[in-house]
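This report describes pockets, aromatic rings and contacts in one protein model. Please keep the sequence and the structure in view while reading.

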Amino acid sequence: MTTTAQAHRPAVRKSSPGPARGPRRRTPRTHRAGLPYLLLLPALLLELLVHLVPMVIGIVMSFKELTQFYIRDWGAAPWSALDNYKVSVDFDAPVGEALLHSFLVTIAFTLLSVGLCWLIGTTAAIFMQDAFRGRGLLRALFLVPYALPVYAAVITWVFMFQHDNGLVNHVLHDQLGLTDKPSFWLIGDNSFIALLTVSVWKGWPFAFLIVMAGLQNIPGELYEAAALDGAGVWQQIRRITLPSLRPVNQVLVLVLFLWTFNDFNTPFVLFGRTAPEAADLISVHIYQASFVTWNFGTGSAMSVLLLLFLLLVTGGYLALTSRGRRKAS
C-alpha cells in the first residue's frame, strides 16, 4: 500500500536556481512630477544667460561712473553710488529735463498706439466673424503687417514718407489736395504722426488675431437668444461680446503696452540714431545717452528706472484686473 501511494503521489517540481523575482518596483511619484521641470531646465538656463545676467550687469553698471575712458576695462570704473540716478531724475537739469520730455512723449505715443491697435483689431475681428465669400483671404491679408520683418516693413514706410517722391505726399497733396504743400514726415512735429502710423499699422494685426481667437469661445446661442429678445448689433456687442472678451483684452492690453513702450526697432529704423524731438521715445533716448554720448552709467540708470516703472505699472494693472475678476465672480 505504501508503494502504491508513493507511485500516485505527484512529483514536486524543483524551482530553477537563480534570484527570486520580487514585486515590480514603481517609479516614485516625485520623479514623475519632476520630469517636466527637468526638461525645462535647459531653456531656463538659456533664459538666465540671455536675459537675467545682462540685467544684473546693467544694474551694476548704473552705480558706476562708466564713460568712454573705461570702455576697455569697465570693471575699473569708479563707483558713483546714486549719482547717475540723481542726474537722471533732476528735471531742472538738461539731462533730467530731456529724459522727462522723452518719457511724456513715450506715454502719449503708447496710449494712442495701444488704443488704436485694440480698437481696429477688435472691430476687424468682430466683422470677420460672419461667414462670407473671401473671408479667409481677408484674414490672411490682415496678418501681413504682423508677419513681415520689422526692418523690411519700416524701411518701406521710410520711402513712403519721403518729402519729394514719397507715396504719402503724392496721395495727400498731388491726388487728393488735402495739403497746401508736401509735408516733412520724418522731421518736425509730423514725425510723431508718422511714428504712430507705422506702429498702429504694424501692431493692430496682433490684436486682431488675439481677439479673433477669443471670439471663437463665445457660444452662438447667446447671440441667437439676444436677437430673439430684440437686441441690436451694438447691444449684442456691448452686452455679450465685450464682457466675454474681458479676460482676453486684459492680457492683450498689457502685452501691447509693454511691447509699444519698449519699442526700439521702429523709431530707430524710421529716424536713425537721432530721433526728432517730437518722436523721441525713451528707448531711443536711452540708446543715445549710452552709445552716442558714451555715458553708459547714466544710460544704465535710465534703463533701471524704466524697468522699475514698467514693473510698477504691470503690478498695479494686474492687481486692478484681478480685483475686478473677483468682484465679477
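## A residue in helix 7

In which helix is the place of Tyr151? Tyr151 belongs to helix 7, residues 150-160; helices (H or I, at least four residues) are DSSP runs numbered from the N terminus. This is a predicted model, in which local features need pLDDT of at least 70 and side-chain atom pairs count only at pLDDT 80 or more, while totals for chains, interfaces and linings use all residues. Residues are numbered from 1 along each chain as its sequence is written, and side-chain values use heavy atoms, with hydrogens and water left out.

Tyr151 counts as partly exposed, at 43% relative accessibility. Here buried means under 20% relative accessible area, exposed means over 50%, and partly exposed lies in between (1.4 Å probe, protein chains only). Apart from its neighbours within four places in sequence, Tyr151 is in contact (heavy atoms within 4.5 Å) with Asn265 and Val269. The C-alpha atoms of Tyr151 and Thr266 are 7.8 Å apart, although 115 residues separate the two along the chain.

## The largest pocket

The largest pocket holds about 870 Å³ of space. On a 1 Å grid over the protein atoms alone, a pocket is an open set of points with protein on both sides within 12 Å along at least five of seven lines, and its lining residues have an atom within 4 Å of a point. Grid points are joined across faces, edges and corners, and a volume is the space filled by probe spheres set on the points.

The lining of the largest pocket consists of 25 residues, and those nearest its centre are Met55, Ser303, Val304, Leu306 and Leu307. At least two lining residues come from each of helix 2 (29-61), helix 14 (282-292) and helix 15 (296-328). Helix 15 gives the most, with 10 residues. By type, the lining has 16 nonpolar, nine polar and no charged residues. In this division Ala, Val, Leu, Ile, Met, Phe, Trp, Tyr, Cys and Pro count as nonpolar, Asp, Glu, Lys and Arg as charged, and the others, Gly among them, as polar.

## The second largest pocket

About 540 Å³ of space lies in the second largest pocket. It is lined by 20 residues, with Ile126, Phe127, Val233, Ile237 and Thr241 closest to its centre. Helix 4 (94-127), helix 10 (220-228) and helix 11 (233-244) each give two or more residues to this lining. The lining divides into 12 nonpolar, seven polar and one charged.

## Aromatic rings

Rings of Phe, Tyr and Trp (its six-membered ring) pair if their centres lie within 6.5 Å; planes under 30 degrees apart count as stacked, over 60 as edge-to-face and the rest as tilted. By this rule there are 20 aromatic pairs. The ring centres of Phe63 and Tyr85 are 5.5 Å apart and their planes stand at 45°, so this pair is tilted. Because Phe63 lies in the loop between helix 2 and helix 3 (83-89) and Tyr85 in helix 3, the pair ties together parts 22 residues apart in sequence. Phe63 is partly exposed at 25%, whereas Tyr85 is buried at 12%.

Phe206 and Trp259 also form a tilted pair, with 4.8 Å from centre to centre and 50° between the planes. This pair links helix 9 (residues 190-215), which holds Phe206, with helix 12 (residues 246-261), which holds Trp259, across 53 residues.

Key:
1 Å grid on protein atoms, 1.4 Å probe; cavity = no way out; pocket = protein on both sides within 12 Å on 5 of 7 lines; lining within 4 Å.
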